[in-house]
Amino acid sequence: MTITHTPVLLEETVQYLAPRTDGELMVDATLGEGGHSYAFLSRFPSLRIVGIDADRDIQEKARERLGEFGNRIRFYNGWSHDFFASLVSQALPAGNERPDTILIDLGVSMYHYEESGRGFSFRKDEALDMRIDTSAGDTAADLIARLPEKELADLIYNNAEERYSRRIAHAIVENRSRATITSTVALAEIVSRAVPAEYRRSRVHPATKTFQALRIAVNGELLRLLDLLESALSALKAGGRMGVISFHSLEDRRVKNFFRDKNKDCTCPPETPICRCEGRRVVNLITRKAVAPGFDEIRNNPPSRSAKLRVVEKVFDEGGRS
């Protein structure tokens, strides 16, 4: 079996999320090809893991890779926030044990860029799909065919902070009036022609942010993120740890703010003279600043260069259980 993806910040993740007692349960909320889970199961013989992924194809690769660990690994096919919400409501048929540790890697696996054939990358001429879960939802081609120019420009700016979003959206709308845009190469060429010449000469391909923005929109990545963080933290045992790896500022900003708010003793508005929320700190920040990859990792695995890991430890349940 060919493994395409190299897990990022692996040693740091193991260091911060290592089990502290025997028989702990970990949830790998974004399993991918199973790189992080393989390392944890190999190093901690009593650890058990539930691996979650919305993509059946990549989960089959992980199932084969992790088969040697037998019943220490279980699989859930679906979105992680749905899994955690079901766990909190005790609606899971496979058992309702709450995890001691949760790992959420928000990155897209290299498998999707290199092997899936779904148009995640403009380096290959593929259909503009970009869905993680191919059983439902709009494709990237659907969005660029249907959205009005302003909505398309807003999508590209809000999901990737692309400064030429209006030019790009205008070019897409102009081109789609003549022919349907269905391939990665066609879209990348439209974007390249729409931006200034100096932007095209950058070391980063000018279509990079547009493809990122469409992928985020197709899979609801930013829309799902807060629900995922909330439901995961609710499911986590008190005393357990949760680590999140993000890959761009839009994600990391949301993760940082979420953990910061959960680290406050009082959540009343600043202008409130007396605390009325009767709040209590939900988490302690284990990493005060985001953990970034070192020079050697970036050299050996360039996609890791933008990765950031943040880790918290849950102090008590907001529902009142400690």
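Is M130 buried or exposed? Hold that thought for a second, because buried means under 20% relative accessible area, exposed over 50%, and partly exposed in between, with a 1.4 Å probe and protein chains only. M130 has 0% relative accessibility, so it counts as buried.

Okay, quick housekeeping. What we have here is a predicted model, where local features need pLDDT of at least 70 and side-chain atom pairs count only at pLDDT 80 or more, while totals for chains, interfaces and linings use all residues. Residues are numbered from 1 along each chain as its sequence is written, and side-chain values use heavy atoms, with hydrogens and water left out.

Back to M130. You'll find M130 in the loop between α5 (110-114) and α6 (140-146); helices here are DSSP runs of H or I with at least four residues, strands are runs of E with at least two, and numbering goes from the N terminus. M130 isn't a glycine, yet its phi is positive, about 70°. E161 also has a positive phi without being a glycine, about 55°. That one sits in the loop between α7 (149-160) and α8 (165-176), and E161 is partly exposed, at 34% relative accessible area.

Now, the sheet. Seven strands make an open sheet with mixed pairing, and the order is β3-β2-β1-β4-β5-β7-β6. Two strands pair if DSSP finds at least two bridges between them.

Strand β2 (residues 48-53) runs parallel to β3, and five bridges join them. For instance, G51 has F75 in β3 as its bridge partner. Lying across β2 and β3 is helix α3 (residues 56-65), at about 175° to β3. For angles like that, axes are lines fitted to C-alpha atoms, for helices over the stretch in contact, and angles run from 0 to 180 degrees between N-to-C directions.

Moving along to strand β4 (residues 101-105), that's where T101 is. T101 counts as buried, at 4% relative accessibility. Beyond its neighbours within four places in sequence, T101 is in contact (heavy atoms within 4.5 Å) with residues including L17, M26 and R241.

Last stop: helices α9 (residues 184-194) and α11 (residues 208-219). Their axes come within 9 Å and cross at roughly 125°.
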